[in-house]
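This report describes one protein model, section by section. Please look over the sequence and the structure before reading on.

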Amino acid sequence: VGIMIGDGGLSKYQVIVTLHHIDDADYARYVLRLMLKLFRITPRVYHSERNSVNDLVISRAALVQFLNGIGLPIGDKIKQHITVPSWIRRSRSFTRACLRGLFDTDGCVFTHRYYSSGHFYSYKKIAFTSASESLRKAIFELLVREGLHPRVSNKDVRLERVDDVEYYFAVIGSRNPKHLRRFK
């Protein structure tokens, strides 16, 4: 569900996850295996050189209806004020899995560097980016419930404290090799 909320989408007959064809190539293989495991259907992969993406696509109206029934909207997620479904919010393990999927698709790890009193400092931060205000609010609330200290900055929800970032990777984690490499 986190992956779908982040880089996924539903049309009337298709489930689509769109990932960058180079930066997320390893993660795309993970998502493909996950979709096969969960739905017992091998997704088709469509490459768009012009957009630099791969679309992982399952064409099944029944699967679309199922995913819609558990809280994923058909069509434009932003216009429909996408958020984390309440059944996920009620479970700590579902919440963590959803946050992991959201971060793996719409998150990033970056290094904050600065100079102060004659010394250079650098540490990792995490940002979740979304155009959906309702989704940013939900992510913020879920991170607070995890005991973390998020901050909202424009279209980002950020974890900036060193201990928060370390907790996130130790407890919630990531399946996206790109994020794991940047964190290490």
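Which side chain of opposite charge is nearest to Asp104, and how far away is it?

## Basis of the model

The model is predicted, so local features need pLDDT of at least 70 and side-chain atom pairs count only at pLDDT 80 or more, while totals for chains, interfaces and linings use all residues. Residues are numbered from 1 along each chain as its sequence is written, and side-chain values use heavy atoms, with hydrogens and water left out.

## Asp104

The nearest side chain of opposite charge is that of Arg100, 5.5 Å away; Lys and Arg count as positive, Asp and Glu as negative, and His and the chain ends are not counted. Asp104 is buried (under 20% relative accessible area; exposed is over 50%, partly exposed in between; 1.4 Å probe, protein chains only), yet Asp104 has no salt bridge. A salt bridge here is a side-chain nitrogen of Lys or Arg within 4 Å of a carboxyl oxygen of Asp or Glu.

Asp104 belongs to helix H5 (residues 92-106). Helices (H or I, at least four residues) and strands (E, at least two) are DSSP runs, numbered from the N terminus. Leaving aside residues up to four places away in sequence, Asp104 touches Tyr27, Ser174, Arg175, Asn176 and His179, where contact means heavy atoms within 4.5 Å.

## Helix H7

In helix H7 (residues 162-172), the buried residues are Asp164, Val165, Tyr168, Phe169 and Ile172. Seen down the axis of H7, these residues fall within an arc of 130 degrees, so they line one face of the helix. The arc is that of the directions from the helix axis to the C-beta atoms.

Among the elements covering the buried residues of H7 are H5, strand S5 (107-116) and helix H8 (177-183). After H7 comes Gly173, with a positive phi near 80 degrees.

## Salt bridges

The count of salt bridges comes to 10. One of them joins the side chains of Lys178 and Asp24 (3.1 Å, N to O). Lys178 lies in helix H8 and Asp24 in the loop between strand S2 (14-20) and helix H2 (25-39), so this pair ties together parts that are 154 residues apart in sequence. Both Lys178 and Asp24 are buried.

Arg158 and Glu160 also form a salt bridge, with their closest N and O atoms 3.8 Å apart. Salt bridges that share partners join Lys125, Arg151, Asp156, Arg158 and Glu160 into one network.
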